[in-house]
Amino acid sequence: MAQAPGKRPLSPHLEIWRWGPAMLVSILHRITGNGLAFVGLAMLLWWISAIAGGPESYQTFLDWVWLAPNGGLQVATALLGKVVLVGLTWAFFQHMATGIRHFVLDVGAGYELEANARWSSLTILFSVAATSVFWAFVLLR
Amino acid sequence: MGNGTSIGRVRGLGSSHHGTGHFLSSRLTAVGNLVLIPFLMVSLLLMPSHDYATVHAWAAKPLPATALILIMINTFYHARLGIQVMLEDYVHEDGGKIAAWLFINFVPFAGAAFGIVSVVRIALGGA
């Protein structure tokens with residue numbers, strides 16, 4: 001307060017840090033977690049309640065999320081549905097991998113700079129690979 | 001609450017008065033998800049088709065129905081804990097805090113109840 005403004009070094013603020021893998025997966029853990037909570041659980045409830053509602057309501061779910069047999073607006077929502085479902089799969093794998101990373105960090109391991117960066121990058125590699133394998137399995141078999 | 005002795009301070013559970021309960025619940029439910037969600041995903045993957053008859057028959061079986069109900073409890077609670085942390089970080093005004101408090105105490109439980117009722121209806125007949 002008594003210091004002359006402008007001359008003293010400022011505490012580094014959020015936007016001037018150089019991005020590293022650990023920072024990236026940290027915020028990805030939050031984004032994927034909240035995405036899974038809001039979008040994923042909403043989709044889960046829609047799906048399970050559509051099954052509980054009987055064949056017609058389940059068909060409505062399929063039509064709007066994936067099949068779009070009636071054209072029109074369903075074409076857009078079915079495209080969105082595919083993007084959301086693939087996105088949720090990736091979000092789950094990413095959140096799972098960074099969650100396991102957190103378990104390791106919780107016991108006090110993996111804080112060395114190189115190891116931390118390496119395992120952070122590997123969570124992204126894993127989530128992309130697992131999502132690809134999952135959907136390849138769904139679509140190709 | 002604490003009475004000034006060391007054990008009393010421990011029982012006072014620190015500055016949050018909730019101790020490590022939130023942290024531990026988050027980890028415990030994470031382990032649950034680590035079993036339940038892959039079970040759901042592998043089951044969906046291995047289904048011969050995803051038409052109504054197949055999906056309904058699968059969800060009505062005891063093991064999948066149990067897993068689905070556990071997901072409604074465990075995953076919704078895990079989500080509630082996570083959303084709470086997010087809201088605590090980003091919501092600072094009193095009004096927003098009250099709205100957030102109402103949200104995390106009603107919506108996850110309502111969602112879980114709706115999900116459980118759906119699974120029970122599938123498993124025990126009805127539609």
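## Where the two chains meet

Chain A and chain B bury about 2,800 Å² between them, with 79% of that on carbon and sulfur atoms. Buried area here is the accessible area (1.4 Å probe) that two parts lose on being put together, summed over both. The size of an interface is often given this way, as the accessible area lost when the parts come together. Chain A puts 30 residues into the contact and chain B puts in 41 residues, where contact means heavy atoms within 4.5 Å.

A quick word on the model: it is predicted, local features need pLDDT of at least 70, side-chain atom pairs count only at pLDDT 80 or more, and totals for chains, interfaces and linings use all residues. Residues are numbered from 1 along each chain as its sequence is written, chains are lettered from A and ligands numbered from 1 in the order in which they are written, and side-chain values use heavy atoms, with hydrogens and water left out.

Two salt bridges are counted between chain A and chain B; a salt bridge is a side-chain nitrogen of Lys or Arg within 4 Å of a carboxyl oxygen of Asp or Glu. A:Asp106 and B:Arg27 meet in a salt bridge through their side chains, at 2.8 Å from N to O.

## What chain A brings

On the side of chain A that touches chain B, α1 (21-53), α2 (55-67), α3 (73-106) and α4 (113-140) each supply at least two residues. Helices are DSSP runs (H or I, at least four residues), numbered from the N terminus. α1(A) gives the most to this side, with 14 residues.

## The build of chain A

Chain A has four helices and zero strands, a strand being a DSSP run of E with at least two residues. Its radius of gyration, taken over C-alpha atoms, is 21 Å, well over the 14 Å that the globule rule gives for 141 residues, so chain A is more spread out than a compact globule. That rule is 2.2 Å times the number of residues to the power 0.38. Along the principal axes, the C-alpha atoms of chain A fill a box of roughly 70 × 35 × 25 Å.

## A closer look at A:His95

A:His95 is found in helix α3 of chain A. This histidine counts as buried at 17% relative accessibility, buried meaning under 20% relative accessible area (1.4 Å probe, protein chains only). Leaving aside neighbours within four places in sequence, A:His95 is in contact with A:His29, A:Thr32, A:Gly33, A:Leu36 and B:His78.

Technical notes:
Buried means under 20% relative accessible area, exposed over 50%, partly exposed in between (1.4 Å probe, protein chains only).
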